[in-house]
Amino acid sequence: MTGTEARPLLEIRGLYKSFGAVQVLHDVDLAIRAGEVTALVGDNGAGKSTLVKCVSGIYTTDSGEVRFDGRPVSIHNPRDAALLGIEVVYQDLALCDNLDIVQNMFLGRERRRGVVLDDPTMEQMASRTLAGLAVRTVKSVRQQVASLSGGQRQTVAIAKAVLWNSRIVILDEPTAALGVAQTAQVLELVRRLADNGLAVLLISHNMNDVFAVSDSIAALYLGRMVAQVRTTDVSHSAVVELITAGRSGGLGMQATGDSSGMTGNGLTGNGFDSLASYDTNGVDR
């Protein structure tokens with residue numbers, strides 16, 4: 001794990017996003033560092049998906065600054081994000097069951113030799129990427145995705161994201177539909193991505209997963225980033241309180257004050273209890 005003094009690879013400052021009269025994100029700050037896993041947590045409707053879509057270029061922001069590797073950048077569309085090396089693995093994985101692993105990894109970005117597909121090169125690159133991630137659960141890169149387990153599918157989706165010289169990988173609930181053994185494999189892969197120097201943004205409701213692999217935790221509450229802290233400096237229960245009430249002790253939104261101001265590690269303002277609740281075992285209910 002790297003120190004807090006390292007410059008963020010991606011830094012968001014004062015981001016706002018609204019849809020018509022509905023303000024979804026309010027003055028959001030976020031820092032993502034290379035070689036680290038940053039966990040983004042928040043209740044349903046907190047704004048996690050909207051924030052990710054702003055970072056990945058699906059939505060344009062209303063205002064705010066995005067800095068990549070220390071320099072201001074503009075992300076207007078997914079191509080801009082891809083050129084910066086930002087790749088997203090969505091919860092549905094976006095894999096085609098009727099295609100094999102190689103075909104899925106190069107879907108829409110096929111290598112060609114003249115007018116024909118360069119299958120040997122694509123197969124070699126796919127095999128090299130999986131080997132570089134120490135993936136040993138896939139027998140052949142020519143297996144159809146339909147024959148893979150949930151954990152193997154997640155592995156292929158992550159390998160597809162890192163194939164293109166990515167620098168930031170965003171993972172949306174990568175273990176949501178997996179069993180215990182498959183979850184452990186995917187979390188090991190997530191940690192390996194960061195150890196290989198990539199910046200990883202992990203979206204998860206599961207507190208056990210968050211604390212197992214993350215270096216820092218960013219908590220969204222009602223569209224506001226109420227805290228971003230080092231994982232070692234916070235407890236399970238404190239993170240659950242940030243998610244469900246927007247505050248925990250000295251972190252997050254205070255009981256009284258101006259909801260637009262910043263103080264310490266979080267925002268001041270009136271908090272509202274969330275409709276959902278979490279326990280320290282990472283179960284939302």
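**Exercise 1.** Is Asp-69, in this predicted model, buried, partly exposed or exposed?

*Solution.* Begin with the location: Asp-69 sits in the loop between strand 4 and strand 5 (71-73). Its relative accessible area is 32%, and partly exposed is the class between under 20% for buried and over 50% for exposed, so Asp-69 counts as partly exposed. Turning to the backbone, phi of Asp-69 is near 55°, a positive value in a residue other than glycine.

**Exercise 2.** Classify the aromatic pair of Phe-106 and Trp-164, and state which parts of the chain the pair ties together.

*Solution.* The ring centres lie 5.4 Å apart and the planes meet at 80°; since planes over 60 degrees apart count as edge-to-face, the pair is edge-to-face. Phe-106 belongs to the loop between helix 3 (101-105) and strand 7 (112-113), whereas Trp-164 belongs to the loop between helix 5 (150-162) and strand 9 (168-172), so the pair joins parts that are 58 residues apart in sequence. Both Phe-106 and Trp-164 are buried.

**Exercise 3.** Determine how exposed Asn-165 is, and describe its backbone.

*Solution.* Asn-165 is found in the loop between helix 5 and strand 9. With a relative accessible area of 71%, Asn-165 is exposed, because the cut-off for exposed is over 50%. Phi of Asn-165 is near 55°, which is a positive value in a residue other than glycine.

**Exercise 4.** Find which residue lies over the face of Phe-19, and how accessible Phe-19 is.

*Solution.* Lys-17 lies over that face, at 5.0 Å from the ring centre. Phe-19 counts as partly exposed, at 35% relative accessibility.

How values were computed. Residues are numbered from 1 along each chain as its sequence is written. This is a predicted model: local features need pLDDT of at least 70, side-chain atom pairs count only at pLDDT 80 or more; totals for chains, interfaces and linings use all residues. Side-chain values use heavy atoms; hydrogens and water are left out. Buried means under 20% relative accessible area, exposed over 50%, partly exposed in between (1.4 Å probe, protein chains only). Rings of Phe, Tyr and Trp (its six-membered ring) pair if their centres lie within 6.5 Å; planes under 30 degrees apart count as stacked, over 60 as edge-to-face and the rest as tilted. Helices (H or I, at least four residues) and strands (E, at least two) are DSSP runs, numbered from the N terminus. A charge sits over a ring if NZ of Lys or CZ of Arg is within 6 Å of the ring centre and within 35 degrees of the ring normal.
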